[in-house]
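Subject: Structure handover

Hello,

Here is the structure I promised to pass on. Please open it alongside this email, then read the notes below.

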Amino acid sequence: MKTFLYSLTISLFFLNAYSANAAAKQANNLTADQTPKNSPATILDAYLKLKNALSADNGKNAAAAGNELVKAFAGFDQSKLTPSQRKTYVDIESDAKEHAEHIGLNAGNIPHQREHFDMLSKDIYDIVKLLGPGRELYVDRCPMYNKGKGAIWISEVKDIKNPYFGKAMSTCGAIRETLH
Ligand SMILES: [Cu+2]
């Protein structure tokens, strides 16, 4: 009995230490989220809005988010980037902006918006890899899009809501990578 109580006390001690540690970690994350250094927060917000509109088969909202994304690229403060980051960023951005523009111009053509979204998602992935996500994000992949070639998208939620097939095949895909 004595041994049992002893080990129970030890376990409780570790449990407490663990939760204190977890709470501290969470607090750190919150601070990091509020002050992202070079994180492209506005770009990501517009991209995620676009992704959610495509998941909901809403071409009009997707176009609006595409236009918002064009503005987010234009407003992104490049002065905080290092010279080498800036060089890579400018390359990716010129491609990504074009996709966002086409999505903005094609409210009535969701299949075409999705073609651009495929290429845009790769650019957004590269931007996140370059500058950091500033929050937890997931890289999802649909194995069926583009005649079985597959396509990725970035998501803020763990649930799969496929932006390439929308409601017709909402849960097709899987998380490939977690970014933080
Ligand atoms: Cu186009």
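Strand 2 is largely enclosed by the rest of the structure, because 4 of its 5 residues are buried. Strand 2 covers residues 151-155. Keep in mind that this is a predicted model.

**Overall layout**

The protein has 6 helices and 3 strands. From the N terminus, the order of elements is α-α-α-α-α-β-α-β-β. The protein has 180 residues, and 29% of them count as buried.

The 3 strands form an open sheet in the order 2-1-3, and the pairing is antiparallel. Strand 2 and strand 3 (174-179) are the edge strands, each pairing on one side only. On average, neighbouring strands are turned by 25° against each other, direction ignored.

Helix 5 packs on this sheet and touches strand 1, strand 2 and strand 3. The direction of helix 5 makes about 55° with that of strand 2.

Now the pairings. Strand 1 (137-142) is joined to strand 2 by 5 bridges, and the two run antiparallel.

- Tyr138 stands opposite Ser155 of strand 2.
- Val139 faces Ile154 of strand 2.
- Asp140 has Trp153 of strand 2 as its bridge partner.

Strand 1 also pairs with strand 3, again over 5 bridges in the antiparallel sense. There, Arg141 stands opposite Ala174 of strand 3.

**Helix 2 against helix 5**

How is a pair of packed helices described? The angle between the axes and the distance between them are what is used. Helix 2 (residues 41-55) and helix 5 (residues 110-131) have axes that come within 11 Å and cross at roughly 150°. The crossing of helix 2 and helix 5 is left-handed.

Which residues make the contact? Helix 2 brings Ile43, Tyr47, Leu50 and Leu54. Helix 5 brings Gln113, Arg114, Phe117, Ile124 and Ile127. By type, the residues of this contact divide into 7 nonpolar, 1 polar and 1 charged.

**The core**

The largest nonpolar core holds 27 residues. Those that touch the most other members are Ile43, Ala46, Tyr47, Leu50, Ala62, Leu69 and Ile124. Several elements give two or more residues to this core: helix 2, helix 3 (59-75), helix 4 (83-105), helix 5, strand 1 and strand 2. Which of them gives the largest share of this core? Helix 2 does, with 7 residues.

Tyr47 deserves a click. Leaving aside neighbours within four places in sequence, Tyr47 is in contact with Leu69, Ile124 and Ile154. Two of these names come back from the core list above: Leu69 and Ile124. Ile154 is the residue of strand 2 that stands opposite Val139.

**Thr42**

Thr42 sits in helix 2. Is Thr42 buried or partly exposed? Thr42 has 16 C-beta neighbours inside 10 Å, so it counts as partly exposed. Setting aside residues up to four places away in sequence, Thr42 touches Ala72 and Gly75. Its C-alpha atom is separated by 8.0 Å from that of Leu69, 27 residues apart along the chain.

Asp57 has a positive phi, near 55°. Asp57 lies in the loop between helix 2 and helix 3. Asp57 counts as partly exposed because it has 15 C-beta neighbours inside 10 Å.

Asn146 also has a positive phi, near 60°. Asn146 belongs to helix 6 (residues 145-148). Is Asn146 buried or exposed? Asn146 has 12 other C-beta atoms within 10 Å, so it is exposed.

**Where to start**

Start with Tyr47, which is part of the contact between helix 2 and helix 5. Tyr47 is also among the core residues that touch the most other members. Then move to strand 2, with 4 of its 5 residues buried.

Best wishes

Methods
Residues are numbered from 1 along each chain as its sequence is written. This is a predicted model: local features need pLDDT of at least 70, side-chain atom pairs count only at pLDDT 80 or more; totals for chains, interfaces and linings use all residues. Axes are lines fitted to C-alpha atoms, for helices over the stretch in contact, and angles run from 0 to 180 degrees between N-to-C directions. A crossing is left-handed if the near helix is turned anticlockwise from the far one by less than a right angle, and right-handed if clockwise. Two residues are in contact if their C-beta atoms, placed from the backbone, lie within 7 Å. Ala, Val, Leu, Ile, Met, Phe, Trp, Tyr, Cys and Pro count as nonpolar, Asp, Glu, Lys and Arg as charged, and the others, Gly among them, as polar. A nonpolar core is a set of buried Ala, Val, Leu, Ile, Met, Phe, Trp, Tyr and Cys residues joined through C-beta atoms within 7 Å. A residue is buried if 20 or more other C-beta atoms lie within 10 Å of its own, exposed if 12 or fewer, and partly exposed in between; C-beta atoms are placed from the backbone. Two strands pair if DSSP finds at least two bridges between them.
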